[in-house]
Amino acid sequence: MTRIRWIVSIVSVVVIGLGVLLAVNLGNKPSTTNPTVHQPAPEFKLTAFDGKSVDLATLRNKVVFVNFWNEWCQPCQQETPSLVALAKAHANDPDFVMIGIVHDPNSHGEATAYATKNKMTYPLAFDPGDRTSLNYGVTGQPETFLIDKAGIVDQWVSGPIDPNSMETEIERLENT
């Protein structure tokens, strides 16, 4: 009887171990596409950190840069200086809007403090219920979507942006 329990225990540990390994690696498969690219950008109306409304529908005829992030995300932290510089470079650009969206409902205080500390002055909003993140097919962070003036998702970047190539894409979209 003891031998059967021992065998059952070993088999259980192996099955649980394989299940954990599968669950961990399931999210690591790199994706090269996003279903929203070349499609109308999913609409959203969110509340910004400052209490104002961030409504994509009001931003037609502008190039819109939407970045999904979290303050605890290491790649997001690495990307922050580039985002702050991009926002500063376009601060007076009437044809461009930058929006950061936090899709972790548990990080309100931490995200707000992080944004203040890092001088993230562009509109930042929370995504209650992750509805916007789901609509955009976000699978991680950071993820960035560049939306053209007609409201079509033109670019998608999974991971930190390359500020130089992003600047080139913004200029291209502003001039079309």
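These legends describe close-up views of one predicted model.

View 1. The predicted chain has five helices and seven strands. From the N terminus on, their order is α-β-β-β-α-β-α-β-α-β-β-α. The chain has 176 residues, and 40% of them count as buried. Take the contacts with a separation of 6 or more: 72% of them join residues 24 or more positions apart.

**View 2. The largest nonpolar core, a set of 23 residues.** F65, W69 and M98 touch the most other members of this core. Six elements are labelled here, each giving two or more residues: strand 3 (63-69), helix 2 (74-89), strand 4 (96-102), helix 3 (108-117), strand 5 (124-126) and helix 5 (163-174). Helix 2 gives the largest share, four residues.

**View 3. F65 and its contacts.** Residues up to four places away in sequence are not counted here.

View 4. The structure holds one cavity of 30 Å³ or more. The space in the largest cavity is about 30 Å³. Rolling a probe the size of a water molecule over the atoms shows where empty space is left. L56, L59, R60, N61, K62 and V64 line the largest cavity, together with I147, D148, K149, A150 and G151. By residue type, the lining divides into five nonpolar, two polar and four charged.

**View 5. The second largest pocket.** This pocket has a volume of about 160 Å³. Its lining has 13 residues. Closest to the pocket centre are A48, D50, Y122, P123 and L124. Strand 2 (53-55) and helix 3 each supply at least two lining residues. The largest share, three residues, comes from helix 3. The lining of this pocket divides into eight nonpolar, three polar and two charged residues.

View 6. D104 is found in the loop between strand 4 and helix 3. Buried or exposed? D104 counts as buried, because its relative accessibility is 16% and the cut-off for buried is under 20%. Leaving out residues up to four places away in sequence, D104 touches N70, W72 and D130. D127 is 23 residues from D104 along the chain. The C-alpha atoms of D104 and D127 are separated by 7.4 Å.

**View 7. C73 and C76.** C73 has a relative accessible area of 4%, so C73 is buried. C76 counts as buried because its relative accessibility is 2%. A disulfide is a covalent bond between the sulfur atoms of two cysteines. How many disulfides does the model hold? The count comes to zero disulfides, with a cut-off of 2.5 Å for a pair of cysteine sulfur atoms.

Definitions and conventions
Residues numbered from 1 in each chain as written. Predicted model: local features only at pLDDT ≥ 70, side-chain atom pairs only at ≥ 80, totals over all residues. Heavy atoms only, no water. 1 Å grid on protein atoms, 1.4 Å probe; cavity = no way out; pocket = protein on both sides within 12 Å on 5 of 7 lines; lining within 4 Å. Points joined across faces, edges and corners; volume = space filled by probe spheres on them. Nonpolar A, V, L, I, M, F, W, Y, C, P; charged D, E, K, R; others polar. Buried < 20%, exposed > 50% of the residue type's maximum accessible area, 1.4 Å probe, protein only. Core = buried A, V, L, I, M, F, W, Y, C linked by side-chain atoms within 4.5 Å. Contact = heavy atoms within 4.5 Å.
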